[in-house]
Amino acid sequence: MVIGEVRQDTERSGGILRWALNRLIAVAIVGLLAAVALGPLAGTSSHDSEARDITVQRAGADAGSGARGHRSLTVRADGHGQFWLDGRVDGAPVRFMVDTGASSVALDRETARRAGLRLVASDFTARSQTANGIARTAPVTLRRLTVGAITLHNVDAHVVDAPMNGITLLGMSALRRLEGYEVRGDRLLLRW
């Protein structure tokens, strides 16, 4: 009987360790999300500093060719290395975080509601890996997405059925529609 009791105690302590490890991981993820969400609020979120962090440039057209000039938008990273842009989705103001690892633009239900997207539970037909694990998503098309002087029409996106702390990810479904983008040190350059 002693061997059986030792085995039960070992299984119980292993279960407790797994439970504690899972809780520690969950707290770390929540802390990371809070740091990302609060990062833009930490000292550099005033409109004056945002104006200094974003530059729009237009190169002139080639004089003889009649070619159209290209435009660029340069954004400086925040203290956490993230690139933030103010924009609009179907007229609703949105705070974007550029995420080249996101396959599409991703917004939460509240942001979607403000943008006029009315979703019901049956619309959430897809699943996506998020920082908090697997989340249900609803594929949508954004009629108009604007960031600075950039306007894109009919952009594929996903509404995530999980809290995103008001963060909308500017993912590849928007970025790949630009002429190009690149990171140079603490600067993100978007060209269109």
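**Exercise 1. Salt bridges**

Task: Determine how many salt bridges the structure has, and describe the one that D86 forms.

Solution. The structure is a predicted model, in which local features need pLDDT of at least 70 and side-chain atom pairs count only at pLDDT 80 or more, while totals for chains, interfaces and linings use all residues. Residues are numbered from 1 along each chain as its sequence is written, and side-chain values use heavy atoms, with hydrogens and water left out.

Step 1. Apply the criterion: a side-chain nitrogen of Lys or Arg lies within 4 Å of a carboxyl oxygen of Asp or Glu. The count by this rule is eight salt bridges.

Step 2. Examine D86. Its partner is R95, and the closest N and O atoms are 3.0 Å apart.

Step 3. Classify both residues by relative accessible area (buried under 20%, exposed over 50%, partly exposed in between; 1.4 Å probe, protein chains only). D86 is partly exposed because its relative accessibility is 35%. R95, at 22%, is also partly exposed.

Step 4. Turn to E182. This residue forms a salt bridge with R184, with the closest N and O atoms 3.0 Å apart, and another with R191, where the corresponding separation is 2.9 Å. E182 is partly exposed at 27%, and R191 is partly exposed at 21%.

**Exercise 2. The nonpolar core**

Task: State how many residues the largest nonpolar core has and which of them have the most contacts inside it.

Solution. Step 1. Define the set: buried Ala, Val, Leu, Ile, Met, Phe, Trp, Tyr and Cys residues joined through side-chain atoms within 4.5 Å.

Step 1. The largest such core has 34 residues, and L85, F96, V105, L142 and L170 have the most contacts inside it. Elements (DSSP runs numbered from the N terminus: helices are H or I of at least four residues, strands E of at least two) that each supply at least two residues include strand 7 (133-147), strand 8 (150-160) and helix 4 (172-175).

Step 2. Inspect L170, counting contacts as heavy atoms within 4.5 Å. Beyond its neighbours within four places in sequence, L170 touches residues including L85, F96, V105 and L175. Another core, of nine residues, lies apart from the largest one, with W84, A102, A106 and M164 among its members.

**Exercise 3. A buried threonine**

Task: Locate T168 and decide whether T168 is buried or exposed.

Solution. Step 1. T168 belongs to strand 9 (residues 168-170).

Step 1. Its relative accessible area is 1%, so T168 is buried.

Step 2. Outside the four places on either side in sequence, T168 contacts V94, R95, F96, M97, V105, A106, L107 and T111.

**Exercise 4. A loop phenylalanine**

Task: Identify where F83 is found and which residues F83 is in contact with, leaving aside its neighbours within four places in sequence.

Solution. Step 1. F83 sits in the loop between strand 2 and strand 3. With a relative accessible area of 9%, F83 is buried.

Step 1. Its contacts, with those neighbours left aside, include V75, F96, V183 and L188.

Step 2. F83 and V183 are 100 residues apart along the chain, and their C-alpha atoms are separated by 10.0 Å.
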